[in-house]
Amino acid sequence: MKTKRKIKTFLQGFIIFNILWYLSSMIINMKVLPSPMDIYLNMDNLYGEKLYIHVLASLYRVGSGLIISLFLGALIGLLMAYSNRWNKILNPLVYLHILYLKQHYCQWLCCYLV
């Protein structure tokens, strides 16, 4: 019974994801986001090349960036938590960074929705 429910949930998620992907590719209409049909029809061409090397290189870059950012973020957070002087110095930078991200996310979102 649980297996059927898991399969049903997976299929629903897969279908919804592909519908959203298709609609996004139609709205954006750029080579950066191809439609799912283009990807699925050319899947055999992808595996013929050295795809695995590129995937591993990308995963290495993402993983190292994540580890570095987690280490620096934890270090800065601990520094701000235990030192009032560093908290006063770094607190405005943290909030400015958050505002900067919000502003650019809204601009990016508005550019693609208009």
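The expected span of a helix is taken here as 1.5 Å times one less than its number of residues, with helices (H or I, at least four residues) and strands (E, at least two) being DSSP runs numbered from the N terminus. On that basis the 27 residues of α1 should span 39 Å, and the end C-alpha atoms of α1 sit 38 Å apart, which agrees. The model is a predicted one, so local features need pLDDT of at least 70 and side-chain atom pairs count only at pLDDT 80 or more, while totals for chains, interfaces and linings use all residues. Residues are numbered from 1 along each chain as its sequence is written, and side-chain values use heavy atoms, with hydrogens and water left out.

On to the overall make-up. The chain has five helices and zero strands, giving the pattern α-α-α-α-α along the sequence. Its accessible surface is about 10700 Å² (Shrake-Rupley method, 1.4 Å probe; for residues, only the protein chains shown count as cover), and 72% of that surface belongs to carbon and sulfur atoms. Of the 114 residues, 7% count as buried, where buried means under 20% relative accessible area, exposed means over 50%, and partly exposed is in between (1.4 Å probe, protein chains only).

Back in α1, the buried residues are Asn18, Trp21 and Ser25. Part of what covers the buried residues of α1 is α2, with contact meaning heavy atoms within 4.5 Å. After α1 comes asparagine 29, which has a positive phi, near 55°. Further along, serine 35 sits in the loop between α1 (2-28) and α2 (36-41). Serine 35 counts as buried because its relative accessibility is 9%. Setting aside neighbours within four places in sequence, serine 35 is in contact with Trp21, Tyr22, Ser25 and Met26.

Now for the rings. Rings of Phe, Tyr and Trp (its six-membered ring) are paired if their centres lie within 6.5 Å; planes under 30 degrees apart are stacked, over 60 edge-to-face, and the rest tilted. The count by this rule is three aromatic pairs. In one of them, phenylalanine 17 and tryptophan 21 have ring centres 5.8 Å apart and planes at 50°, so this pair is tilted. Phenylalanine 17 and tryptophan 21 are four residues apart in helix α1, and so are separated by about one helical turn. In general, an α-helix has 3.6 residues a turn, so residues three or four places apart point the same way. Accessibility is another matter: phenylalanine 17 counts as exposed at 51%, whereas tryptophan 21 counts as buried at 17%.

Tryptophan 21 also pairs with tyrosine 40, edge-to-face, at 6.1 Å centre to centre and 75° between the planes. This pair links distant parts of the chain, with tryptophan 21 in helix α1 and tyrosine 40 in helix α2, 19 residues apart. Tyrosine 40 is partly exposed, at 37% relative accessibility. Put together, ring pairs link Phe17, Trp21 and Tyr40 into a cluster.

The last stop is tryptophan 86, in helix α5 (residues 84-113). With a relative accessible area of 37%, tryptophan 86 is partly exposed. Not counting residues up to four places away in sequence, tryptophan 86 touches Leu79, Met80 and Asn91. The C-alpha atoms of tryptophan 86 and isoleucine 76 are separated by 8.9 Å, with the two residues 10 apart along the chain.
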